Amino acid sequence: MRVDLHNHTSLCNHATGTMEEYVLRAIEEKIDVFGFSCHNPMAFDEQYRMDFKDLPFYFDEIARLKEKYKGQIEILTALEIDFLPSFAEERLFDFPLDYRIGAVHFLGDWGFDNPEFIREYARRDINDCWSEYYKATEMLAKSGKFDILAHMDLLKVFNYRPTKDLRPQIESALKAVKEANMCIEINAAGFRKQVQEQYPSEEILQIAYSLEIPICFGSDAHAVEQIGFKHSELVSLAKQVGYTKCALYRNRERELVEF
Ligand SMILES: [Zn+2]
Ligand SMILES: [Zn+2]
């Protein structure tokens with residue numbers, strides 16, 4: 001079964017294509033289960049996300065498409081929710097979602113994956129950045145609010161790699177993921193960025209596998225043509241690590257299916 005749980009829409013102001021175009025492309029790509037997971041609204045970094053007033057349209061449109069394409073594809077409702085240790089939009093957790101993707105895109109108020117702010121890397125100690133990043137990731141898991149951990153090593157996006165071994169911190173974050181009964185995603189977006197590889201690394205996937213943490217797949221598409229991009233590479237990597245099943249969620253209940 002082909003499952004793709006991480007996809008954006010033009011509502012988040014930095015993606016293109018209508019939601020229906022995404023669904024049609026997903027059907028063409030022979031995806032069986034397709035999840036919309038647009039960035040959550042919040043009173044922070046507003047220009048790259050939908051507003052709370054857009055949420056009813058988002059949910060209604062998913063419901064309409066779900067009905068219209070029933071029998072051809074199953075569509076799921078989700079949000080990619082920013083985890084900020086010092087700020088939370090609690091009302092987001094009241095919406096009925098099939099699953100919640102938790103993501104770390106900020107260290108403090110620095111949006112480290114945004115090319116606009118890339119110069120900040122030169123001003124910081126890269127190892128400190130990575131430590132802070134994995135600490136935030138662990139806190140995300142410990143918050144107990146999420147089902148899926150997004151792109152676990154996103155900080156490598158522009159190829160600023162740590163120069164010391166961070167395995168203890170990675171393991172600690174993954175143990176928190178395991179305790180929270182979450183899964184981690186294998187996300188194709190890195191293939192479209194400087195780093196030129198999936199998130200997370202094979203090393204992280206191997207640790208996750210040894211901890212029996214499930215995986216799911218996500219295109220993280222911000223444009224119609226990005227749906228399914230590099231899917232076969234992601235599948236072969238997952239198989240190489242040892243995985244045979246991937247996760248999907250309905251009403252926040254996880255099911256593992258063969259891929
Ligand atoms: Zn993300
Ligand atoms: Zn995303």
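This is a predicted model: local features need pLDDT of at least 70, side-chain atom pairs count only at pLDDT 80 or more; totals for chains, interfaces and linings use all residues.

Me: Which residue bridges the zinc ion (ligand 1) and the zinc ion (ligand 2)?

Reply: That residue is Glu80, and the two ions lie 3.4 Å apart.

Me: Why can His105 and His151 be said to tie parts of the chain together?

Reply: His105 lies in the loop between strand E4 (99-103) and strand E5 (106-107), and His151 in the loop between strand E7 (148-149) and helix H5 (167-179), so the pair ties together parts that are 46 residues apart in sequence. Here helices (H or I, at least four residues) and strands (E, at least two) are DSSP runs, numbered from the N terminus.

Me: Are His105 and His151 buried or exposed, and how do you know?

Reply: Buried means under 20% relative accessible area, exposed over 50%, and partly exposed in between (1.4 Å probe, protein chains only). His105 has a relative accessible area of 6%, so it is buried. His151 counts as buried because its relative accessibility is 2%. His151 also has a positive phi of about 20° although it is not a glycine.

Me: What is the phi of Gln196, and is Gln196 buried or exposed?

Reply: Gln196 has a positive phi of about 55°, again without being a glycine. Its relative accessible area is 51%, so Gln196 is exposed. Its place is in the loop between E8 and H6. Pro200 lies in the loop between E8 and helix H6 (202-210) too, and a cis peptide bond with omega of about -10° joins Tyr199 and Pro200.

Me: Why is E4 called largely enclosed?

Reply: Five of the five residues of E4 are buried, so the rest of the structure largely encloses this strand. Tyr99, Ile101 and Ala103 point one way from E4, while Arg100 and Gly102 point the other way. In a regular strand the side chains alternate between the two faces of the sheet.

Me: How do you know which strands E4 pairs with?

Reply: Two strands pair if DSSP finds at least two bridges between them. Five bridges join strand E3 (residues 74-82) to E4, and these strands run parallel. E4 and E7 have two bridges, also in the parallel sense. As examples, Leu79 has Arg100 in E4 as its bridge partner, and Gly102 has Leu149 in E7.

Me: What makes E1 and E9 the edges of the sheet?

Reply: The open sheet has seven strands in the order E1-E2-E3-E4-E7-E8-E9, with parallel pairing. Strand E1 (3-4) and strand E9 (215-218) each have a single partner strand, so one side of each is left without a neighbour in the sheet.

Me: How do you know which residues of H1 meet H2?

Reply: Contact means heavy atoms within 4.5 Å. Met19, Glu20 and Val23 in H1 meet Phe57, Tyr58, Glu61, Ile62, Arg64, Leu65 and Lys68 in H2. Glu20, leaving aside its neighbours within four places in sequence, is in contact with Arg64, Leu65, Lys68 and Tyr69. Glu20 has a relative accessible area of 17%, so this residue is buried.

Me: Is Ala173 buried or exposed?

Reply: Ala173 counts as buried because its relative accessibility is 0%. This residue lies in helix H5 and touches Tyr134, Thr137, Glu138 and Met152, not counting residues up to four places away in sequence.

Terms used: Residues are numbered from 1 along each chain as its sequence is written. Chains are lettered from A and ligands numbered from 1 in the order in which they are written. Side-chain values use heavy atoms; hydrogens and water are left out. Donors are N, O and S atoms within 2.8 Å of the metal (3.2 Å for Na, K and Ca); water is not among the atoms, so sites may look incomplete.
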